[in-house]
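Please look over the sequence and the structure shown here. The paragraphs that follow lead through a few of their parts in turn.

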There are 2 protein chains.
Amino acid sequence: MITAPENKGAPSVPDDLVTPCLLVDEAVMSRNIERMRQQADKLGVMLRPHLKTTKSVDIARRVLAEGIGPATVSTLAEAEVFAAAGVRDILYAVGIAPAKLQRVIELRRGGCDLTVILDSPEQAEAVARASRDGGQVIPALIEIDCDGHRGGIGPSDPALAEIGRQLHHDGAELRGVMAHAGESYRAETRDAQAAFSEAERQAVVSAAEVLRQAGLPCPVLSVGSTPTALAARELGGITELRAGVYVFFDLFMTGIGVCEMSDIALSVLTRVIGHQYDRGRIVIDAGWMALSRDRGTANQSVDQGYGVVCDEAGRPFPDLIVIEANQEHGVVGSRSGDGALPDLPIGTRLRILPNHACATAAQHARYEVLASRSGTGRQTWERFAGW
Amino acid sequence: MITAPENKGAPSVPDDLVTPCLLVDEAVMSRNIERMRQQADKLGVMLRPHLKTTKSVDIARRVLAEGIGPATVSTLAEAEVFAAAGVRDILYAVGIAPAKLQRVIELRRGGCDLTVILDSPEQAEAVARASRDGGQVIPALIEIDCDGHRGGIGPSDPALAEIGRQLHHDGAELRGVMAHAGESYRAETRDAQAAFSEAERQAVVSAAEVLRQAGLPCPVLSVGSTPTALAARELGGITELRAGVYVFFDLFMTGIGVCEMSDIALSVLTRVIGHQYDRGRIVIDAGWMALSRDRGTANQSVDQGYGVVCDEAGRPFPDLIVIEANQEHGVVGSRSGDGALPDLPIGTRLRILPNHACATAAQHARYEVLASRSGTGRQTWERFAGW
């Protein structure tokens with residue numbers, strides 16, 4: 001029989017939780033938040049945390065400076081919820097669709113300094129027009145492509161100055177430039193991540209130079225992703241740093257060396273509901289509905305299946321992962337396939353560490369909090385979703 | 001420029017929908033529901049639709065006979081919602097965890113004939129004990145493994161009669177046996193699907209024979225999955241048929257020939273938010289948060305990426321799929337990689353057909369209904385989640 005290593009002092013998991021459910025270890029999360037705060041301080045830039053991973057007002061209050069921002073979001077629904085909760089400075093970091101500008105105007109009228117991003121003259125024209133029509137000057141950052149990952153234009157694209165002029169002269173506000181080195185998620189060493197950070201920095205600094213040469217303002221230079229933020233050596237010229245998944249971390253981040261497995265603050269609590277020991281399988285009540293379909297570690301050097309299996313106290317079992325996931329069934333087996341499984345009777349509670357915190361958290365409506373101080377009682381943080 | 005084929009008469013998509021959102025074509029859904037109803041009639045078995053795909057009271061009323069059952073669910077949350085909405089006969093088709101039996105008893109006390117499933121003496125003992133302690137005879141089906149897919153015991157396993165005796169003599173109710181040929185999802189021809197159906201039937205009939213030989217009752221013989229249900233040629237000895245995804249269908253089912261693409265009732269409405277024509281990419285505001293991370297077609301003969309791209313009226317563009325998905329960004333490109341993309345200006349609305357209806361629907365809190373009759377006004381059906 002395989003047993004998990006000792007780990008005394010871990011917060012206890014309340015007995016009455018319905019499985020599957022989502023657990024957050026508050027002490028681990030607080031440590032992660034502090035780590036990024038110190039990194040931003042060291043680099044001398046403002047931290048603008050991304051709230052898309054956590055989507056929780058309770059967590060935003062812990063992540064944001066004084067609880068009011070600056071913040072980054074990925075949907076207008078997030079902007080609306082956080083603005084209603086008192087966040088006053090929000091960057092909506094997904095290319096703006098013109099049909100969404102009315103909601104942007106409403107948020108700004110409500111007193112939230114909401115900034116949009118864009119990368120085309122069509123969008124700039126729409127933002128300028130909406131600003132004039134709505135009597136609200138909408139600030140925009142131009143998205144710069146630093147690694148071919150997603151959206152954005154290159155710093156040498158002639159459209160850059162054109163977009164800048166449209167925003168600046170036609171009624172909107174050219175607030176600056178931003179980039180996101182999404183490809184850094186494929187960088188498996190700290191040096192490679194630092195190189196992506198430098199590419200992110202250079203792309204944004206070059207783009208700002210182009211705009212300034214054209215006589216345009218560019219006060220904000222925004223960069224970031226969790227890997228580049230933590231690997232960055234210097235961010236000369238940059239004004240703000242964005243990152244999100246660091247609050248929870250996950251197996252994907254562990255796989256590229258950004259964190260240790262013990263830094264993962266998020267897990268799914270589940271129960272054993274069946275055995276097929278002869279086939280090396282233990283069935284649990286967490287399938288992909290609870291874990292998500294994310295298989296982000298599949299292409300990393302260690303494939304973690306649908307997640308690493310821990311005991312109830314959060315101690316990983318050596319070599320034990322979720323090897324298959326149906327909608328409401330997970331199948332636990334050994335990573336190496338040799339079938340040496342621990343004795344886990346029906347009803348045993350386990351915890352599964354997620355491949356991708358954003359995806360796993362999105363499958364749940366709340367966080368069950370493992371409180372850092374004993375005796376603080378049962379605590380639940382609501383999570384929201386939608387657009 | 002590539003244009004989509006003509007498709008006159010499709011229901012129109014309301015102008016004011018926030019993107020991304022989930023659309024259901026009511027006429028297509030109704031046709032799918034009717035197809036399975038006729039199939040069950042032809043086979044002479046009772047249909048027990050699985051409600052885990054749709055998780056909607058509005059849709060359950062359309063799927064269930066007289067709106068009250070019989071039904072199948074995958075979580076006790078589903079059982080609770082549907083029981084509160086008047087469904088009176090529910091099979092909870094995931095192996096029971098003893099800690100969940102109190103909720104089962106509460107549901108039964110409320111007048112819902114809820115049945116559980118199990119495949120071990122430990123579970124049978126727990127169900128028998130809960131029945132005695134709770135003063136509620138809990139009915140159970142024994143799960144039979146017919147294809148090594150998930151849970152269940154083989155019909156020749158000596159534990160079968162042991163479990164049957166425990167249930168029958170110790171205070172619970174042995175109601176019968178059930179199997180689910182999940183491996184039929186890998187069967188790409190109708191003959192192969194029919195063979196899985198026959199294996200499902202034989203496993204359950206043999207198991208019932210074992211129980212009856214042991215002097216035990218076995219009134220219910222339950223089988224099903226969408227592929228086996230639709231391919232079944234005869235179901236001698238079987239009393240009920242379960243299936244769920246047929247209500248919407250999806251690209252996975254299209255890939256194994258169970259339906260046509262035009263039978264898919266579910267799609268995600270999205271808008272174009274950027275272009276990188278030089279790289280053969282169009283960026284949309286539906287990423288994996290709206291589409292799900294499901295890549296079920298990846299191992300089929302045609303890999304549909306994160307979904308097939310259609311115009312606003314639901315007409316598929318030849319060769320156009322979602323080739324990448326970030327959290328809130330999708331990237332549209334050609335399946336063949338040759339880069340011939342249609343001209344789709346910023347703001348253009350598109351519809352994405354899902355790989356897996358259960359997974360995509362789970363990312364949303366409601367269905368926007370494309371009504372089968374014009375002039376019926378805007379209609380929304382709520383969806384729920386959780387455990």
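**A helix pair, a sheet and a tryptophan**

In chain A, helix H6 (residues 159-169) and helix H7 (residues 190-213) have axes that come within 9 Å and cross at roughly 60°. The model is predicted, so local features need pLDDT of at least 70 and side-chain atom pairs count only at pLDDT 80 or more, while totals for chains, interfaces and linings use all residues. Residues are numbered from 1 along each chain as its sequence is written, chains are lettered from A and ligands numbered from 1 in the order in which they are written, and side-chain values use heavy atoms, leaving out hydrogens and water. Helices (H or I, at least four residues) and strands (E, at least two) are DSSP runs, numbered from the N terminus. Axes are lines fitted to C-alpha atoms, for helices over the stretch in contact, and angles run from 0 to 180 degrees between N-to-C directions.

H6(A) and H7(A) are therefore oblique to each other, a term for angles that are not under 35 degrees (roughly parallel), over 145 (roughly antiparallel) or 65 to 115 (roughly perpendicular). Where the two helices meet, Leu160(A), Ala161(A) and Gly164(A) of H6(A) face Ala207(A), Val210(A) and Leu211(A) of H7(A), contact meaning heavy atoms within 4.5 Å.

Chain B holds an open sheet of eight strands with parallel pairing, in the order E2-E9-E8-E7-E6-E5-E4-E3; two strands pair if DSSP finds at least two bridges between them. Its edge strands, each pairing on one side only, are E2 (46-49) and E3 (71-73) of chain B. From one strand to the next, the twist averages 30°. Within this sheet, strand E6 (residues 139-143) and strand E7 (residues 173-179) of chain B pair in the parallel sense over five bridges, and Leu174(B) in E7(B) is the bridge partner of Ala140(B). Helix H6 (residues 159-169) of chain B packs on the sheet, touching E5, E6 and E7 of chain B, and its direction makes about 175° with that of E6(B).

The last stop is Trp387(B), in the segment after strand E17 (379-382) of chain B. Trp387(B) counts as buried because its relative accessibility is 16%, where buried means under 20% relative accessible area, exposed over 50% and partly exposed in between (1.4 Å probe, protein chains only). Beyond its neighbours within four places in sequence, Trp387(B) is in contact with residues of both chains, including Pro20(A), His364(A), Leu76(B) and Arg103(B).
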